[in-house]
Amino acid sequence: MRRRKTAVAAGCCLAFLLGTLLNLLFIPGSEHPPPPRDEVPPSPPGAPLYPPEEEIGGGQAALARQIRERYEEVLRYRQHRAAAAAAGRRPLRPRERRLMDLWAGASAELSLEPPLLGCRDIRDVSGVQYLGSGYTKAVYKAVLNRTLAVALKAVDFGGHDIAHCVRQFSALGDCYRLAAYKIVKEMILLQRLRHTNVLQLYGYCYQDSNDIPDTLTTITELGSPLEMIQLLQTSWEDRFRICLSLVRLLHYLAHSPLGSVTLLDFRPRQFVIVDGELKVTDLDDASIEESSCTSNSDCFMEFPARNFTLPCSVEGRCQSMNEKRNLYNAYRFFFTYLLPHSAPSSLRPLLDKIVNATGELHWGIDETAAQLERVLNLYKSGEYLQNTTRMPKAEYRRVPEAFIPDENYRCWPSYHHKGCLLSVFDVNEAIEICDSYSQCKAFVLTNQTTWTGRQLVFFKMASNHIVPDPDKITYVKVTD
């Protein structure tokens, strides 16, 4: 009996998963006209399709109220700092009215380019792979035109939000609309928040599915999931890059065109890595709302290990609450694990200062960003080596255009899982590292560099077999 129940449950999960995938790819889609240059992607068509609450029952009224609140939230992001509707615009045709809802009159301040990719592009995809899902969305990897790898996001019909809503209200269409507004909100934010560390939105597609008109799929840049355990095994330089990317993102969010943006659902799973850079991918729980207050006690921030009370401004707003919430989450999820460990010894006092200051919220994002940029400059320029003793313990013989193919030993952290491959500022630092490892008897300078421009060096435990290589230089220890 237990096996039978397990099999039934697994079958239901698989059915929901396949249903979402079919919604994404195989239901005939319509290529909707791209939004004019002064408009943004449409809300779920037909919105806000909710009847007056006095005409419907209590349960339906509650669902209608939720749809209305979420719709109005989307409008706030669309119309934020926008002027009144431009006069003289032609009336929208019924098809456009269905797609554009109430967004026909935005000002030119919100001018956004039409989507680069649409329904035509996702009809012929290959390499479809399920990546994961959260409460609302399912995410898939797909290859378009056999060249461009992208992420496809859609409402997960088997996800928590839809399942909970349908159990409560028995209205799949309205439950879908409620969930889809979160994707629309994310689309708007991805377009408004243009930054190196914000995932790129490539386009979107509306297509009919499951008797629901115009289900929405977004097409975004593809990144690799952020795995903290794997990150802890990488070099300090790469871990520092993640933290620097995050701080640059938070600095931008604190001063964004929308105002100060906070990430309410701040967890590592909301980020991905693209070419070594950290990017935020999940913005449906972001907020620009600043908490109102009448006294400092209203500005209370609670975290699992710490609580903070921020000052209430004369304008009746909690000062920098969005910024400070982001910063403390960066400290507890990223800085404490990634910044200090295995860092160069001369940089550790400054890194400890950064970690402590953010953990106590003594600094804001401006000072934190300035200090991390200072660390980067010290590291790239080699200035962090000036206060260290650099007297070689051994002598080395230089062998140009030569390489040692074997004789590897492992060290941590290393850029190579079967050998000791580290980055150095110059030959002197490579000599210092080799002197510090008892098994090191030689090292090889490669022509490869890291993101900071530092040279990658293989450290070897012997030099018995040296072969010609025009792109490398070998140094062999001749005295201990």
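Visitor: Does C165 count as buried or exposed?

Guide: This is a predicted model, where local features need pLDDT of at least 70 and side-chain atom pairs count only at pLDDT 80 or more, while totals for chains, interfaces and linings use all residues. Residues are numbered from 1 along each chain as its sequence is written, and side-chain values use heavy atoms, with hydrogens and water left out. Buried means under 20% relative accessible area, exposed means over 50%, and partly exposed is in between (1.4 Å probe, protein chains only). Because its relative accessibility is 5%, C165 counts as buried.

Visitor: Which residue forms a disulfide with C165?

Guide: A disulfide here is a pair of cysteine sulfur atoms within 2.5 Å. For C165, there's a sulfur 2.0 Å away, and it belongs to C175.

Visitor: How far apart in sequence are the parts that C165 and C175 tie together?

Guide: The C165 and C175 link is left-handed, with -80° about the S-S bond. C165 sits in helix α5 (residues 160-169) and C175 in helix α6, so the parts tied together are separated in sequence by 10 residues. Helices (H or I, at least four residues) and strands (E, at least two) are DSSP runs, numbered from the N terminus. To finish on the separation, it's 10 residues.

Visitor: How many disulfides does a search of the whole structure find?

Guide: Counting bonded cysteines along the chain, the pattern reads 1-4, 2-3, 5-7, 6-8, 9-10, 11-12. The search of the whole structure gives a total of six.

Visitor: Is the disulfide of C293 and C312 right-handed or left-handed?

Guide: The sulfur atoms of C293 and C312 are 2.1 Å apart. C293 lies in the loop between β11 (286-287) and β12 (300-302), and C312 in the loop between β13 (307-309) and α9 (321-338), so parts 19 residues apart in sequence get tied together. C293 counts as buried because its relative accessibility is 10%. The torsion about the S-S bond of C293 and C312 is about 95°, so this disulfide is right-handed.

Visitor: Let's move to helix α12. Which residue caps its N-terminal end?

Guide: Helix α12 covers residues 427-436, and its buried residues are E429, A430, I431, I433, C434 and D435. Those buried residues pack against β14 (396-403), β15 (420-424), β16 (442-449), β17 (455-460) and β18 (467-477). At the N-terminal end of α12, a side-chain oxygen lies 3.3 Å from the backbone nitrogen of N428, and the residue doing the capping is D426.

Visitor: C434 is in that helix. Which residue does a disulfide join it to?

Guide: C434 is buried, because its relative accessible area is 0%. The link is left-handed, with -100° about the S-S bond. The sulfur atoms are 2.0 Å apart, and the partner of C434 is C440.

Visitor: Now the charged pairs. Which residue forms a salt bridge with E186?

Guide: Side chains of opposite charge can pair when their charged atoms come close. We call it a salt bridge when a side-chain nitrogen of Lys or Arg is within 4 Å of a carboxyl oxygen of Asp or Glu. For E186 the closest N and O atoms are 3.1 Å apart, and the partner is K153.

Visitor: Where are E186 and K153, and how many residues apart are they?

Guide: Both E186 and K153 are buried. They belong to a network of salt bridges that links K137, K153, E186, D282 and D284. E186 is in helix α6 (residues 172-192) and K153 is in strand β4 (residues 148-155), so to speak of the separation, they are 33 residues apart.

Visitor: How many bridges join strand β3 to β4?

Guide: Six of the eight residues of β4 are buried, so β4 is largely enclosed by the rest of the structure. β3 (residues 137-144) and β4 form a hairpin with three residues between them, and L144 stands opposite L148 in β4. Two strands pair if DSSP finds at least two bridges between them. These antiparallel strands, β3 and β4, are joined by a number of bridges that comes to eight.

Visitor: In β6, which residue is the bridge partner of A151?

Guide: Strand β6 (residues 212-221) runs antiparallel to β4, with five bridges joining them. The bridge partner of A151 in β6 is T220.

Definitions and conventions: Contact = heavy atoms within 4.5 Å. Polar contact = N/O pair within 3.5 Å; in protein donor to acceptor, adjacent residues only side chain to side chain.
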